[in-house]
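Have the viewer open as you read.

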Amino acid sequence: MNQMDRAACPEFAKAEALDAGYRGRAVLEGLSFSLKKGELISLIGPNGSGKSTLLLTFARQLLPVGGLVFLEGKELHQIPGRELAKTTAVLFTERLHREDERVESVVSAGRYPYTGWFGLLRETDRDAIRAAMELTDILELGDRNFNELSDGQKQRVLLARALTQKPRFLILDEPTSFLDLKYQLELMQVLRRLSREEGISILLSLHEISLAARFSDRVLMLKKGKAFRMGPPEEVMHRKALAELFDLDEALLRTFLSPGLQEETEAKGRPEADREAQDGASGHFANSQYFSQTSVKKPGENYARSSRKGMRKGFTSGTSAALAAQGAAHYLLSGELLETLSVMTPAGIRISLTPESLSLSKDKRRAACTVRKDAGDDPDRTNQILITAEVEILERGGDSGVTVKIDGGEGVGRVTKPGLDQPVGSAAINSTPRRQIQHEVLREAERAGFQGVLRVLISAENGREIAAHTMNPILGIEGGISILGTSGIVEPMSEKALIDSIEVQLKMLRAEGYERVILTPGNIGRDFLRAHLSGESLEIREMRQEEMEEMDVSVPIVSISNFIGDALDLSRDLGFQEVLLVGHAGKLVKLAGGVMNTHSRCADGRQEFITAHAALLGADRNCLMGLMRAVTVDACLDLLEEAGILREVEVSLTRAVQEHLTRRAEGAISVGAVLFTSAHGIFGITEEAEKMLPHFGFSGAGGAEGWSISSERVRETRNLSQ
Amino acid sequence: MRPPVRISKEERRIRARSVLVLTLLLALVFGAFLFSICLGSVKIPIGEVFSAFFYGGGHAGEESETLVRIVMDIRAPRALLAFFSGGALALSGYLLQTFFRNPIAGPYVLGISSGAKLAVSLALIISIRRSGSISSFVLILAAFSGALFSTFLILLFSLRIRSMAVLLVAGIMVGYIASAGTDLLFSFSDDAQILNLHGWSQGSFSGARMGSTLEAGAFILILLLLVFLLSKPIGAYQNGEVYAKSMGIPVRSLQLSIIVLSSLLSGSVTAIAGPVSFVGIAVPFLVRKMLRDHRPIIMIPALFLAGGLFTELSDLLSRMLISPAELSLSSVTSLIGAPIVLVMMLERRRSAP
């Protein structure tokens, strides 16, 4: 079925008046529901409620006793076996004796429907296996013996095996049983990513209702062979329904679930559009004590970790405010000084830290707590800022429960223009941080048995000064920073954060009057500049103006990761005159084909571009085939050197890079690039770059030769200094 | 960056191991074959053996003529038959282990060989009474139906008995019942028949003729080929029944094929040489130890070679240990195989949680 067809039927899978069971005896009756493409539906219910039966029926392991099951518009039982194997992958717990086998070999079993009679693996199969292992983060387990892995690892291996089938539908029967909490959360994160990013529809049964609440798009509650309720977790998973589902005393359930679990009436009114906020809210389903000291790997971290070592996550100003509010409220209401503050972020990661200071007013009606925000390795203006929450008792007693009022104090901005998350006039504290703060304060109040009205005042030290360097003045947020954060966690090098940070840096440089800037994709480019230019007229510093002035440096450098196109657009729009890109040819050679986001997830094409240019310059077929197979650009260059056309190809590619840059610049800005590789040194200096180099403080320019001489020299000095 | 598609060092090592083991087994099989032909109450120099094979005796002479007869009519068919039977038994055991998902399953312990023995005894006695002779086709057919009957009996039990240990005990019981039936048959037959039967029921390759050996060999090789062609679905089946089904494999047909092929393999051996014990368990265990790639596509040929080797050597020992008299084949295979199975069970116990 092609893309168009699939788009035409929004229902990916569907059960119609389904009776499911064994040998003609239905254990599950009259079930009708549909599963959308990319949707994750969890089945919950007591043992024997028919969860596995339903899954087995959808996996076509069981014939429906009555009714029909459709998959991508086709009746399930009319789909040929091999076709189905390419559509649906299953993960059922079959505890069986296994022979000792390498993990990669176990994973490769999933290629069954794609391989020939004897199941021998081809290159494409190996690609699929690697991709699946990367996705489930088990690449480094490839050579281990499957039988010796932990349960969590085994489950990830089996998931990888399922993924090598390239399924559009995943069916999992209690995949989190036998796993400890860490692996449960990690597995669920992977599943959620598969549904959101890869569009895989997922149907699974879960015992852990907190996981179902946290990760499902919808839950289907089964009780005694019937659908009990179905809907988004925040609508259907309230205490009363759960108690009824499991035949549990509601009071008993209350002792297990956190106070954050909503009553039915409260939960229903939530707007559907505010999906992020719901993520935040559903995070609270998880009992905070239950989730002790756990760190959850976020989707995407795998890549971040493999490409840049040791990137540290931080937390948002919203989380900082919630931590401070917790400390202040606890001190105020129970009179204890907390040594460690700890909150669960909406992303499912627990953040713990020690408060900077805690204080209590003489009349014991106000307490304040200050924490230091740690943005991790994400470039951020508000990193290390001190955020204080002051909690004040406005009214005590009454039987209307607890009311929490949140406001911004000194250093926290105020909204003056419409169109933002908060209405005009209120403090620039977004709804997710507000919810986080409220949750923490409410919990403290409940613990202390407090009833009445509390006011939380969030302030930020030097917030006004810092805010001047942010987007806030433009957004019409005056008087301080915004308390932001939808996930509560700052992801290092996350796409949006990065583009935002590039924008902020470029904007600041423009504001400081710079007209030229060097853009570099990352650490390699930075290191290259440092190694090759130190001792020359240019000393590299990261954005510290005083120091740059002191060193008489004329051009600042901004790291732009893979977002070359975005950075160029920003530079152009901000009115820079000249932009010099300096980077490893492994990334920048992609520009020769007009690939402006050099992340390998977006596009690769390096070998292809090099091969095409080599072909035009008369390389023979052997050489071209070698180029296509080469893994790194340096390897390509070696081959070209052998073929004696290295220089020509470099020149040709460099010219192509310039053409694409010029096109992107739209004539409003002059852009050049310097490409190098670790083994071959300078790869090429584009025409514009050549013109620009003197403006950037390179005394004689002198083209590629001049550069390489200086690099030789630098290498020598480096060796001496080591 | 496109990840370089490479085969890891470990995988290379595992592959090299497979190649090495297969080559070694092939060489050893050949060596054992020559050994079996040279050794015996009459020692035959290796040169004579080659000339017997390639020139039908080479230079004339009565003595040499006798040697050629010994090689071509007695020792070579016997060694060949031992090889084919051993391979068939190892393969049959492997299939049963796959089916029952237990490495201790085998045609002998599950009473399948005994079932075949009973059927063969019955067929022998009936047809010898009637016509005084029996065709090897009838013999194999009887053995096969006996094996199949016992297998389905075990299958029937396995539907009700979940515990593997209990199932094995049931298999052993089936074996005893079949053996008792065979003994009962003996008491209804005359002395000459008993002598024949008794010798046969202990397992022996002593009566092997070149013609029937080649026929049996061809039959077993066809079965081997069929099993080999199933190696991909068998591998998937080893990953679990639900999993195999999700791969589009018709699991019921596969199960039936496994059972039928296994019964044909063990049945044909029983028809030819009588029940031979422990080869079906001990050899797969040893081969698993030798190989590190346990996919059926490697296991099946390796098993066949190793089973052949094991049985060839056992047969040689049965002839040599108390020469000129012979030990029964099963005594030798039990002597070697049973301790191996014991070790294996101990190991399993240790690795089980």
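Start with Arg122(A), which sits in the loop between helix 4 (103-108) and helix 5 (123-135) of chain A. Helices here are DSSP runs of H or I with at least four residues, strands are runs of E with at least two, and both are numbered from the N terminus. Before going further, some ground rules: this is a predicted model, where local features need pLDDT of at least 70, side-chain atom pairs count only at pLDDT 80 or more, and totals for chains, interfaces and linings use all residues. Residues are numbered from 1 along each chain as its sequence is written, chains are lettered from A and ligands numbered from 1 in the order in which they are written, and side-chain values use heavy atoms, with hydrogens and water left out.

Leaving aside residues up to four places away in sequence, Arg122(A) touches Tyr114(A) and Thr115(A), where a contact means heavy atoms within 4.5 Å. Is Arg122(A) buried, exposed or partly exposed? Its relative accessible area is 46%, so Arg122(A) is partly exposed; buried means under 20%, exposed over 50%, and partly exposed in between, with a 1.4 Å probe and protein chains only.

Now for the cysteines. A disulfide is a covalent bond between the sulfur atoms of two cysteines. With the cut-off set at a pair of cysteine sulfur atoms within 2.5 Å, the count over all chains is zero. Take Cys636(A): the closest cysteine sulfur belongs to Cys623(A), but it is 9.1 Å away, which is too far for a bond. Cys636(A) is also buried, at 1% relative accessible area. Cys369(A) counts as buried too, because its relative accessibility is 0%.

Over to chain B, which has 14 helices and zero strands. Of its 353 residues, 54% are buried. Among the chain B contacts with a separation of 6 or more, 75% join residues 24 or more positions apart. The accessible surface of chain B is about 16,200 Å² (Shrake-Rupley, 1.4 Å probe), and carbon and sulfur atoms account for 69% of that surface.

Finally, how far does the predictor trust chain A? Mean pLDDT, the predictor's per-residue confidence from 0 to 100, is 77 for chain A, with 77% of its residues at 70 or more. Over residues 258-311 of chain A, pLDDT stays under 50, and the model has 111 contacts beyond four places in sequence for them.
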